[in-house]
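I open this notebook to record what I looked up in the structure shown below.

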Amino acid sequence: MNMKITILMPALDEEESIGETIRNVPSAELKKLGYDVEVLVVDGGSIDKTVEIAESLGVKVIRSERGYGRQYRLGFDKAQGEIIITADSDNSYPMKEIPAILKILEKEDLDFISTNRFSKLDKGSMRPLNYLGNIVLTFLTNFLFGLKLKDSQSGMWIFKKNILDKINLTSNGMPLSQEIKIEAFKKLKSREVDSSYKKRVGRVKLRMFKDGWDNLKYLIRKKFSPHSL
């Protein structure tokens, strides 16, 4: 029996990119490697044709309340795969690199892999202030939690679904991205691998200052929480 994997993508008004993102999933190659592939889109209330396009391509779409973390946590619960792979639905993450990363997960018997976008960052793929914000948040994450991450904000993760019983995820917003890494790297057999990253298709949804501030507040709150690591 083949192992099942879920490619999980949150979406919000991504009609310009969702189709290309789904088509870039290397389903045929993954099937040759012995995986059954589920593509699952968690829509946070799109008012454009995102859901219509995704469903027309034969993928499963579930509806969620809006919120990056909220959408992911619902997706984690609904995913049928033994391995979950995440990516934004804006075609910025390298779907073609999934098979190679899966091989690393298997060969090294890892629980969790996060990708480092900065190793192969396409020109223009990240605005200067976003780049700086990522560097600052990564530095603070490492400083506060004793980690050695190069990219604490990457949204592409590859992990065994059963680890979700061993980590504590609480965020409904953008801080989930750093929360899952902190939990995984402190508690599980985890690794960061280099990956590419290109300019997103469509309108940027990231609220630079608000989301950055929320991430910073989360780091401080988690560090000094009585239930911290």
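I took helices (H or I, at least four residues) and strands (E, at least two) as DSSP runs, numbered from the N terminus. The model is predicted, so I noted that local features need pLDDT of at least 70, that side-chain atom pairs count only at pLDDT 80 or more, and that totals for chains, interfaces and linings use all residues. Residues are numbered from 1 along each chain as its sequence is written, and side-chain values use heavy atoms, with hydrogens and water left out.

Entry on the fold. I found eight helices and seven strands in the protein. I recorded that 52% of the 229 residues count as buried, where buried means under 20% relative accessible area, exposed over 50% and partly exposed in between (1.4 Å probe, protein chains only).

Entry on ring pairs. Rings of Phe, Tyr and Trp (its six-membered ring) pair if their centres lie within 6.5 Å; planes under 30 degrees apart count as stacked, over 60 as edge-to-face and the rest as tilted. Tyr93 and Tyr197 are edge-to-face, because their ring centres are 5.1 Å apart and their planes stand at 70 degrees. Tyr93 is in the loop between strand E4 (83-86) and helix H5 (98-107) and Tyr197 in strand E7 (residues 190-197), so the pair ties together parts 104 residues apart in sequence. Tyr93 is buried at 5% relative accessible area, and Tyr197 is buried at 9%.

Entry on helix H6. I noted Phe139 and Phe143 as a stacked pair, 6.1 Å centre to centre with 10 degrees between the planes. Both lie in helix H6, four residues apart, about one turn of the helix. Phe139 is exposed at 54%, and Phe143 is exposed at 62%.
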